Amino acid sequence: MEQKKKLGILLVILSVLLLISGTFAWFSFTQRAINDRSGNINFEEVGRLHDYFDRASGNKDVFAENFGDAPILVRVKLLEYMEINGESLVQADPQEVTEGNAVQPIKEDTGTWTPWTPEASGNTVGQRVGPGAVFNARARWTVGWNPRAATDGSGQLNAPYFMPTFNRARDDHKTAAAGDGRDWTQSGEEADTSASPNGTNAGADATGVTHPGNGTDGYWNNGSTATSLLGTPPDTEDGTHTARQTVIQDQPVMLLSQWNALPVRNRVGNFWVVDPQTGWAYWANLLFPEEATSFLLDQANFATSGIRGDYYYGIKAVANMVANTDGDVSAFWDEAPENHSDLAKQLVDEVRNGLPILGEMTPGQTFSMRGTQYRYLENKGEGNHLVMATGNQFGSAWNTIAGVTSYNGSTLDNNMKNWHNNLPSVIRRQVQPVQKEFTGTGADAVINNLTWAQNVTISISPHIPVVGTPRAFILDFEHPAFTEALKNDFAEVDPNGEKKAFALSLAEFNHLSGSGKAFPTMASRTMWTTPRTLFTADRPWFLQYRGVPGSFTIYGNQHGTVARVTDGLPALILRDQDGAWNSNI
């Protein structure tokens, strides 16, 4: 009954359009993904272009999915064509066409259609420029994806749901076209959609529709399930699929010039960047297995007022998806006869080098991630690595929150978590969860031996038990004053924990100090910061940057309150990609 009601509404709308404008023709196509790569690389396509389209509402969702087991690079081009009474709105100069400097768009040859090339507008993109500017008055697009209320009433939706592809054949480049979306055959001929006029009852003969769903906005929600729409290979993966969310969009769709103006730390992330020179929109991050990009196109409305006679408007989406290898990436630039901009090549290079391979580093080595310097501290095993920012990221008291008596939930703990939450997504995705609460950071670590404390900030107490020389470089944890909780306070990967940054503990600083370690000398440990470990209830341990730089000290009475502000030096446990950034496939 509901389907009949929807179809009735659609027919009414189409009838009105026919009365206004004559023959109605408003189509949306996807083209099978182009598999750009060099011939000697044995890698098959593992990406699927999705196109969910509803002609009545104008909903048009274009995005890409990685169904493989290695990261890929993705770019998508959107092309348009419109004609009135058989004449293309875009008319190229005949002389330019003859000289090979321009192409006259032809409806039947989608390769001649006009690429979407927008102008900058604020921090995103605006109207089309160039030959496609003639479409501005008729074809009105919404690009990117903005958070909105979920259609199932479940609240704010920060990323849309999609149905994962049922076609996981690595040698088949069909797109996942749903609703009024149509997959275009490799020969360039329009697919036969006679068995599926509205895209909801497609079968083996309706080769234009390849994916379930009616193409309306928010059709898929949390918990939605579906089975394969087509009954012929390769679109027949057995079993039921459950809807998943795309990645959360970090920034709006932008031009390469706007991307180039971003701070370095923000230039790799989950968002689209358009090269107006070619029309290619680049995903500004590696797309990891089982992930889908945010929407490049979200809505495509068409205005018919004032048109007399027959008209046609179509959109074609073309995708390039390649493995992260030198040979495959070279195909981006070498195999397509296009004048790619240097900035586009720079973007792809930055995406490919979004993170270093941590497993190749040695303790104490410094490196940069998205504009921030880090020190490699330790291999934690199983592909996990401990790192720490080398420079002050924020000033923070140890704690000023009433009722908090340990590091957990303290001012310093909260500032560390906030810092992590503002990291570029390319780094956040690799952060491993650690224990929600650290032991050995409150009363279970307190020593309360005030004879160890000094009343000046630059001296070393002669009472603190140490090992070897220089004095106060390495603490003697065999001394009975050090509690077991304090000595065993180490951050470890905990699948049930939380992803966050944290201050190193006294035990970790001690463990990481010495020959061949992250802090091989006292001077290498010079910093103005506090570990997450308390000495007494109102003063933490401290690492010096003056007097005796790098020494373990304890603030005296006049300086040692937990409210004193020191440098924030966040630590993280990162999961290494073990070569996935530079795939060996």
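The following legends describe close-up views of a predicted model. Residues are numbered from 1 along each chain as its sequence is written, and side-chain values use heavy atoms, with hydrogens and water left out.

**View A. Asn214 and its polar contact with Thr216.** Asn214 belongs to the loop between strand S14 (181-184) and strand S15 (225-226); strands are DSSP runs of E of at least two residues, numbered from the N terminus. The relative accessibility of Asn214 is 11%, so the residue counts as buried (under 20% relative accessible area, 1.4 Å probe, protein chains only). Its side chain makes a polar contact of 2.6 Å with the side chain of Thr216 (N or O atoms within 3.5 Å, one able to donate a hydrogen and the other to accept it).

**View B. The largest cavity and its lining.** The whole structure contains 5 cavities of 30 Å³ or more; a cavity is a set of points on a 1 Å grid where a 1.4 Å probe fits but cannot get out. The largest cavity holds about 170 Å³ of space, a volume being the space filled by probe spheres set on the points. Its lining comprises 20 residues, with Pro160, Tyr161, Asp217, Gly218 and Tyr219 nearest the centre; lining residues have an atom within 4 Å of a point. By class, the lining has 10 nonpolar, 7 polar and 3 charged residues; Gly counts as polar, Tyr and Pro as nonpolar, and Asp as charged.

**View C. The hairpin of strands S23 and S24.** Strand S23 (residues 366-369) presents Phe367 and Met369 on a covered face, and Thr366 and Ser368 on an uncovered one. S23 pairs with strand S24 (residues 372-381) in the antiparallel sense over 4 bridges (pairing requires at least two DSSP bridges). Met369 stands opposite Thr372 in S24. Between the strands lie 2 residues, and Arg370 in the turn has a positive phi of about 50°.

**View D. Aromatic pairing of Phe63 and Phe162.** The structure holds 28 aromatic pairs (ring centres of Phe, Tyr or Trp, the last by its six-membered ring, within 6.5 Å). The ring centres of Phe63 and Phe162 lie 5.6 Å apart with planes at 70°, so this pair is edge-to-face (planes over 60 degrees apart). Phe63 in strand S3 (residues 59-66) and Phe162 in strand S12 (residues 161-162) are 99 residues apart, and their pair links distant parts of the chain. Both Phe63 and Phe162 are buried.

Note on methods. Predicted model: local features only at pLDDT ≥ 70, side-chain atom pairs only at ≥ 80, totals over all residues. Buried < 20%, exposed > 50% of the residue type's maximum accessible area, 1.4 Å probe, protein only. 1 Å grid on protein atoms, 1.4 Å probe; cavity = no way out; pocket = protein on both sides within 12 Å on 5 of 7 lines; lining within 4 Å. Phe/Tyr/Trp six-rings, centres within 6.5 Å; stacked < 30°, edge-to-face > 60°.
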